[in-house]
Amino acid sequence: MVALVAMMVAAAPSEACREHYAALRYRDAIVSCTDALAATADRGELYRLIGLSLAGVGEIDKARRVFAALLALEPGAALPGGLSPKLTAPFEAARADATPVLLGATRDADELIISITDGASRPVAELRVGSSRMARTERTRAPAGAVRVTALDVLGGELASVEVAAV
């Protein structure tokens with residue numbers, strides 16, 4: 001019984017997201033879909049709806065970055081047929097330059113060097129080094145001990161991670 005209630009509560013944000021999108025309330029869909037991300041491990045459908053909603057309100061660059069993140073998570077992702085070119089253009093642009101996200105990290109005594117390969121759409125928006133967040137171009141001193149470097153997309157989802165040993 002408790003598990004059933006928990007599943008119904010977790011499904012509510014995703015349902016609101018789908019309902020807003022289906023009713024063409026794109027701004028509401030963006031908010032509810034983004035809120036639903038925290039309640040699900042399956043981000044693909046939500047990224048698809050967020051990207052389509054962003055395209056629907058004319059936020060083409062953001063839509064392209066969300067679609068690039070979707071394609072990094074699900075390289076074979078597709079959109080439903082019959083959609084307006086206004087909605088599909090950012091997806092097609094992201095697919096045209098889709099590259100798997102590759103994250104590398106090395107360190108010396110006091111510097112952490114991080115390399116990111118993620119294609120022209122650049123789905124990696126931010127890095128998490130240990131528990132600290134930083135911009136993808138920010139410099140940082142190497143933390144002591146082993147550290148995990150994680151590439152995050154524009155919505156805060158994890159795209160790749162690598163463990164860097166202590167020096």
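**Cavity, pocket, core and disulfide**

Analyst: In this predicted model, helix H4 (residues 60–73) gives the largest share of the lining of the largest cavity, three residues.

User: What volume does the largest cavity have?

Analyst: The structure holds one cavity of 30 Å³ or more. The volume of the largest cavity is about 50 Å³.

User: How do the residues of the lining of the largest cavity divide by class?

Analyst: Ala68, Leu71, Ala72, Ala94, Asp97, Ala98, Thr99, Asp118, Ser121 and Pro123 line this cavity. Asp counts as charged, and Ala, Leu and Pro count as nonpolar. The lining therefore divides into two charged, two polar and six nonpolar residues.

User: Which element gives the largest share of the lining of the largest pocket?

Analyst: The largest pocket holds about 190 Å³ of space. It is lined by 13 residues, and the closest to its centre are Leu112, Ile113, Ile114, Arg136 and Glu138. By class the lining has six nonpolar, three polar and four charged residues. Five residues, the largest share, come from strand S2 (residues 112–117).

User: Which residues have the most contacts inside the largest nonpolar core?

Analyst: The largest nonpolar core has 44 residues. Members of such a core are buried and joined through side-chain atoms within 4.5 Å. Those with the most contacts inside this core are Tyr21, Phe67, Leu103, Val124, Leu127 and Val149.

User: Which residues does leucine 127 touch, not counting residues up to four places away in sequence?

Analyst: Leucine 127 is one of the residues with the most contacts inside the largest nonpolar core. With residues up to four places away in sequence not counted, leucine 127 touches Leu103, Ile114, Ile116, Ser132, Arg133, Met134, Ala135, Arg136, Thr150 and Ala151.

User: Which cysteines does the disulfide join, and in which helices are they?

Analyst: The structure holds one disulfide. Its S to S distance is 1.8 Å, and it joins cysteine 17 to cysteine 33. The pair, 16 residues apart, links distant parts of the chain: cysteine 17 is in helix H1 (residues 2–22) and cysteine 33 is in helix H2 (residues 26–36).

User: Are cysteine 17 and cysteine 33 buried or exposed?

Analyst: Buried means under 20% relative accessible area. By that cut-off, both cysteine 17 and cysteine 33 are buried.

User: Why is the disulfide of cysteine 17 and cysteine 33 given the hand it has?

Analyst: The hand follows from the torsion about the S-S bond. For cysteine 17 and cysteine 33 that torsion is about 70°, so the disulfide is right-handed.

Definitions and conventions:
Residues numbered from 1 in each chain as written. Predicted model: local features only at pLDDT ≥ 70, side-chain atom pairs only at ≥ 80, totals over all residues. Heavy atoms only, no water. Disulfide = S-S within 2.5 Å. Helix = DSSP H or I, 4+ residues; strand = E, 2+ residues; numbered from the N terminus. Buried < 20%, exposed > 50% of the residue type's maximum accessible area, 1.4 Å probe, protein only. 1 Å grid on protein atoms, 1.4 Å probe; cavity = no way out; pocket = protein on both sides within 12 Å on 5 of 7 lines; lining within 4 Å. Points joined across faces, edges and corners; volume = space filled by probe spheres on them. Contact = heavy atoms within 4.5 Å.
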